[in-house]
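Thanks for coming. I have one structure to go through today, and I will keep to what can be read from it.

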Amino acid sequence: MSEGIAQPDRPQEPDGGETDLFSKFDDIIAMREGLLSQGREDPFNLVMEQVLSPTRAICNGRETILLGTYNYMGMTFDPDVIEAGKQALADFGSGTTGSRVLNGTYQGHKECEDALREFYGMDHAMVFSTGYQANLGIISTIAGKGDYVVLDIDSHASIWDGCAMGKAEIVPFKHNDIEAMEKRMKRIPEGAGILVVLEGVYSMLGDTAPLKEMIRIAKEHGAMVLVDEAHSMGFIGENGRGVAEDQGVLDKVDFVIGTFSKSVGTVGGFCVSNHPKFEIMRLVCRPYVFTASLPPSVVATAATSIRKLMHGSNKRAHLWENSRTLHKGLRDLGFELGTEEPESAIIAVIMPDLEQGAAMWEALIENGLYVNLARPPATPANMTLLRCSLCAEHSGEEVEQILAIFEKAGKAVGII
Ligand code: PMP
C-alpha cells in the first residue's frame, strides 16, 4: 500500500457538517415506513418469481392473476414474437453497444421503423430506446426557448420532463377540459410557435381525450399537435392506431408518440410523423443521439409484434368485452370507478385513502390478484387508486374470478 494515501475499507460516515441532500425525501420515507410498520406487503417491491403467461405469474410463492400490467394485447408470449427475438439474438448478438447515429443501427432497427410506418400509414418513424425518451426527445427538440407547449395538467411525467428540458413556455390546462384549453390558447401571442401535447388515454383513470375538438382548436390557433398513444396503440381504433384513429383525426396529428412497453410487449419508444423535415430529428434530438440503441432481439420482437397487431381485430374485440365486463361488475359490487363507462383497457378503482388502498391491495394479492396501487403525486387530485389493466388474453372465466376476489377483499377491508 502506498504511503500517505488513506485507504478506508468502508465508505466514510457523513461528519454531520454537510447538508444532507436526501432530507427532501424524508416525507416519502416516513410514508413508506408507516405503511410497512403495519405489517403490509410492500406494494412497490413485488417480485415475480416466475411468469407463466401474459396473465399469470408466481408472486410470493403464489400463483397470481396479473391485472396490473400494460400487456394489453398479450404479445409477450406470442410464439412468433419469441422466435423472432431468439433468431435475432443468435444472428446479431446481445446488443449494439452504440448510438443509432454511429454503430447502433442494424437491419432490425430499419425493419422495426418500416413496420411502424406501415402500421400508422405515415412517412417517417423513429425508434427510441424507451417511450420516456421519445417524449423527452421530441418535445424538448421541437419546442425550445420562446415557443409554447400547451398540455393537459395530467400529462405523463415524460411529457413534463420534455417540456422542462426544452425550456419552452409551459401552458397547462385542466384535465380534458376543452374550454380551458381554448382559453389558454387565446392568450398565446399571435405568431408564436405552439405545440399542443395530448394523450389518447390517460393512464391513471383510463379516460380518453376529446381529441377531435381539441385538435380542431389547436389547428385554429396555428399549433402543431403531438398525441401520446402509449395506452391505446394496438387496441383502440379500427386498426389499433389509437384514439386519434378512433375519432377520425389521425391525419391532423403531426406527431404520434408510442411505446413498445405496452401492447407491443417489449421495450422501446417511437415517434411517427408525416412532417417533410422529420428525418433531421435523427441528428438534433439528444435523447436519440446520446444513448445506445435497442438490442437486436428487442427490435426484432417489436417489429414482429407490430405486424401481428395489424391483424388483431379479434383480440381487440375480446379486450373490449373484458373491459366492459370488469367495469360493470365492479360498479355493481359498489366500487367507485374512474370513468362512468369503460373507455380503455384501464379500469381505475378509487380508494377512500392510502391506508385503505394499501389494505385492499394487500387483500387482493393475498387472494392471488395483482393490481397497481397508484398514489399521489402520480395520481390526479390526490387520489389513491387501484388500477386494473386488462389483457386480451384474460379469459371470460378469469374476469369472473377477478370480480369474485374483488368482492371478497372489498368486504374484508370494509370498502363495500
Ligand atoms: N407515455 C405514457 C402516457 C406512459 O404511460 C408511459 C409509460 N407508462 C410512457 C409514455 C413511457 O413509456 P416507456 O415505458 O416506454 O418509457
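I will take confidence, then the annotated domain, the strands and the ligand.

This is a predicted model, in which local features need pLDDT of at least 70 and side-chain atom pairs count only at pLDDT 80 or more, while totals for chains, interfaces and linings use all residues. Residues are numbered from 1 along each chain as its sequence is written.

Confidence to begin with. The protein chain has an average pLDDT of 95, and 96% of its residues score at least 70; pLDDT is the predictor's confidence in each residue, from 0 to 100. Residues 1-5 fall below 50, and beyond near neighbours in sequence this stretch has one contact in the model, a contact being two C-beta atoms, placed from the backbone, within 7 Å. Where pLDDT is low, the predicted coordinates should not be read in detail. The model scores are ipTM 0.99 and pTM 0.94.

Next, the annotation. An unreviewed UniProt entry places "domain: Aminotransferase class I/classII large" at residues 64-404. UniProt positions are in the numbering used here, feature names are shortened, and annotations may be inferred rather than shown by experiment. Over residues 64-404 the chain is 40% helix and 18% strand, with the end C-alpha atoms 14 Å apart. Helices (H or I, at least four residues) and strands (E, at least two) are DSSP runs, numbered from the N terminus.

Now the strands; two of them pair if DSSP finds at least two bridges between them. S1 (residues 48-53) and S2 (residues 56-59) are antiparallel, with four bridges, and they form a hairpin with two residues between them. Within that pairing, Gln50 is opposite Ile58 in S2.

There is also an open sheet of seven strands, with mixed pairing, in the order S4-S12-S11-S10-S7-S5-S6. Val227 has Val256 in S11 as its bridge partner.

Last, the ligand. Its shell has 13 residues, the closest being Thr130, Gly131, Tyr132, Ala230 and Thr259; a residue is near a molecule if its C-beta atom, placed from the backbone, lies within 6 Å of it. Helix H4 (residues 131-142) gives the most to this shell, three residues.

That is what I have; questions are welcome.
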